[in-house]
Amino acid sequence: MSKIKVVVAGPRGKMGSEALRMIEKDDSLELVACLDRQNKGKQVYEIDGLPNFDAYIYDDVEECFQTVEADVLVDLTTPKMGYIHTKTAINYGVRPVVGTTGFTKEQLEELTNLAEEKGIGAIIAPNFAVGAVLMMQFSKWAAKYFPDVEIIERHHDQKLDAPSGTSIKTAELIQEVREQKKQGHPDEKETIPGARGADIDGMKIHSVRLPGLIAHQEVVFGSSGQNLTIKHDSFHRESFMSGVKLAIDHVVKIDLLVYGLENLLD
Ligand code: NAP
């Protein structure tokens, strides 16, 4: 069976370098190029700390897809670059697997329509950790019975977007089943703006950013006399890689955009 040819965008990043290590260990995948704003024209093995691949580094996404024959783009960059990479990949018939978070609703809608129009598979997942996907699913289940809920997400202090893509996705899943309600006291006032967190449909999301953290989330449900907490911790970025691999294997078989890893699980 021929290998799936993969381009990784963001290879020097915390997630991107982990994706390279995953590809190195997987005989069904072949790294054919990387997209990086530094090291243009070099090979991956020339970059300190990266695995021993002889795959060229491009800084221009169009040039990369014009030159290299690729099946899948794995994007682990920034919201701005990730959006450009994803759109360009779809236009070139390269299937994106996107871990980058922070895309707007409008961008997601546009990419969904573009993938459908071109008949190109794409997977965008704000969280590739299987445990986190289960945490979101369990939260959706619980919200049917506990409409009062607050989400506390904790991430490392280099994260660019807040609240996290996972917390927004969790709130959206909860929204599907939760009876609409504004939580807290009707006359509640913030004496310091932001004290009660971000608001989605009356639910609150609190974002903590500290060195030492990776990716953690608690979904706390309250009702009279009881609390239910559903919690997930990613202690290492390796935790995301089985989901990235699952998405790569899946994306080559589909012809539309799928948002969320939960749609790939049984
Ligand atoms: P990171 O360590 O900061 O890596 C980001 C990479 O993108 C770096 O290599 C960076 O290069 C590159 N980059 C930044 N700006 C760029 C630009 N203008 N053009 C080209 N490349 C650029 O971040 P990370 O922790 O790996 O996270 C990457 C993304 O994955 C984030 O959106 C994060 O939220 C997301 N994430 C997703 C999951 C998931 O399961 N879906 C899990 C964790 C993180 P420089 O060094 O030159 O800046």
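A: This is a predicted model. Start with the empty space. Rolling a probe the size of a water molecule over the atoms shows where such space is left. Here the count comes to 1 cavity of 30 Å³ or more. The largest cavity holds about 50 Å³ of space.

Asn127, Ala132, Met135, His155 and Thr166 line the largest cavity, along with Ala215, His216, Gln217, His232 and Ser234. Find the elements next. Helix α5 (130-143) supplies at least two of the lining residues, and so do the strands β10 (215-223) and β11 (226-234). Strand β10 gives the most, with 3 residues. Sort the lining by class. It has 7 polar residues and 3 nonpolar ones.

Turn now to a pair of helices. Two packed helices are described by the angle between their axes and the distance between the axes. Take α1 (residues 14-25) and α7 (residues 241-251): their axes come within 10 Å. They cross at roughly 65°. Because of that angle, α1 counts as roughly perpendicular to α7. The crossing of α1 and α7 is right-handed.

Which residues make the contact? From α1 come Met15, Glu18, Ala19 and Met22. From α7 come Met241, Val244, Lys245 and Ile248. In the contact of α1 with α7, 6 residues are nonpolar and 2 are charged. None is polar.

Terms used: Residues numbered from 1 in each chain as written. Predicted model: local features only at pLDDT ≥ 70, side-chain atom pairs only at ≥ 80, totals over all residues. Heavy atoms only, no water. 1 Å grid on protein atoms, 1.4 Å probe; cavity = no way out; pocket = protein on both sides within 12 Å on 5 of 7 lines; lining within 4 Å. Points joined across faces, edges and corners; volume = space filled by probe spheres on them. Helix = DSSP H or I, 4+ residues; strand = E, 2+ residues; numbered from the N terminus. Nonpolar A, V, L, I, M, F, W, Y, C, P; charged D, E, K, R; others polar. Axes fitted to C-alpha atoms, helices over the stretch in contact; angles between N-to-C directions. Parallel < 35°, antiparallel > 145°, perpendicular 65-115°, else oblique. Left-handed = near helix turned anticlockwise from the far one by under 90°. Contact = heavy atoms within 4.5 Å.
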